[in-house]
Amino acid sequence: MIDFEKELERLKVNKSGAVVSRHKPLLLLLTISKLMYGHRNEFIYDQIADELTALIRKYGLKATTKYNPQYPFIYLASNALLWHCTRNKSQLKTPDAATRSELLGQKGRFPSAFYDYLMTPPNSRHCIQLLLNQFWQDTYHEPILKDLGLGKE
């Protein structure tokens with residue numbers, strides 16, 4: 001059996017010095033929260049790009065003026081146990097610099113085993129808490145949950 005908690009703990013993220021890119025964890029938080037509200041296991045890039053951009057802008061904790069929601073959408077697929085995308089990195093014009101236009105209409109989803117795991121209570125909420133603990137200080141948890149529509153229960 002796959003230990004999805006370990007997979008999340010080993011989630012590869014970009015780092016520049018001490019600055020950690022939180023794009024992939026934010027994509028996971030957004031899509032897992034959508035599943036919890038009944039969204040089907042298919043996420044079209046165009047339909048979530050604005051929400052993901054807003055989360056990256058607010059919680060990415062990186063001083064920048066350019067936000068790239070396309071990166072986690074395609075690069076998270078390097079962990080095939082957690083995410084699949086209809087566009088492969090090797091299909092990109094420049095594999096290390098995905099553009100938004102290259103992802104228009106592309107779909108991402110959780111692999112069947114991870115989806116089944118997430119749909120078994122309380123695993124979704126547990127995965128969200130694990131990601132929050134791993135990538136953000138406690139002071140960010142409540143605001144992030146609120147923005148995801150998952151405030152305290």
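Guide: Helices (H or I, at least four residues) and strands (E, at least two) are DSSP runs, numbered from the N terminus. The model is predicted, so local features need pLDDT of at least 70 and side-chain atom pairs count only at pLDDT 80 or more, while totals for chains, interfaces and linings use all residues. Residues are numbered from 1 along each chain as its sequence is written, and side-chain values use heavy atoms, without hydrogens and water.

Visitor: How many helices and strands does the protein chain have?

Guide: Along the sequence, the elements follow the pattern α-β-β-α-β-α-α-β-α-β-α-α-α. The protein chain therefore has eight helices and five strands.

Visitor: What is the radius of gyration of the protein chain?

Guide: This value is taken over C-alpha atoms, and the globule rule is 2.2 Å times the number of residues to the power 0.38. For 153 residues the rule gives 15 Å, and the protein chain is close to that, so it is as compact as a globular protein of that length; its radius of gyration is 15 Å.

Visitor: Which residues touch the most other members of the largest nonpolar core?

Guide: Nonpolar side chains tend to be buried together in soluble globular proteins. A nonpolar core is a set of buried Ala, Val, Leu, Ile, Met, Phe, Trp, Tyr and Cys residues joined through side-chain atoms within 4.5 Å, where buried means under 20% relative accessible area (1.4 Å probe, protein chains only). Of its 46 residues, those touching the most other members are L29, F73, F110 and F114.

Visitor: What share of the residues in the protein chain is buried?

Guide: The protein chain has 153 residues. Its buried share is 46%.

Note on methods
Buried < 20%, exposed > 50% of the residue type's maximum accessible area, 1.4 Å probe, protein only.
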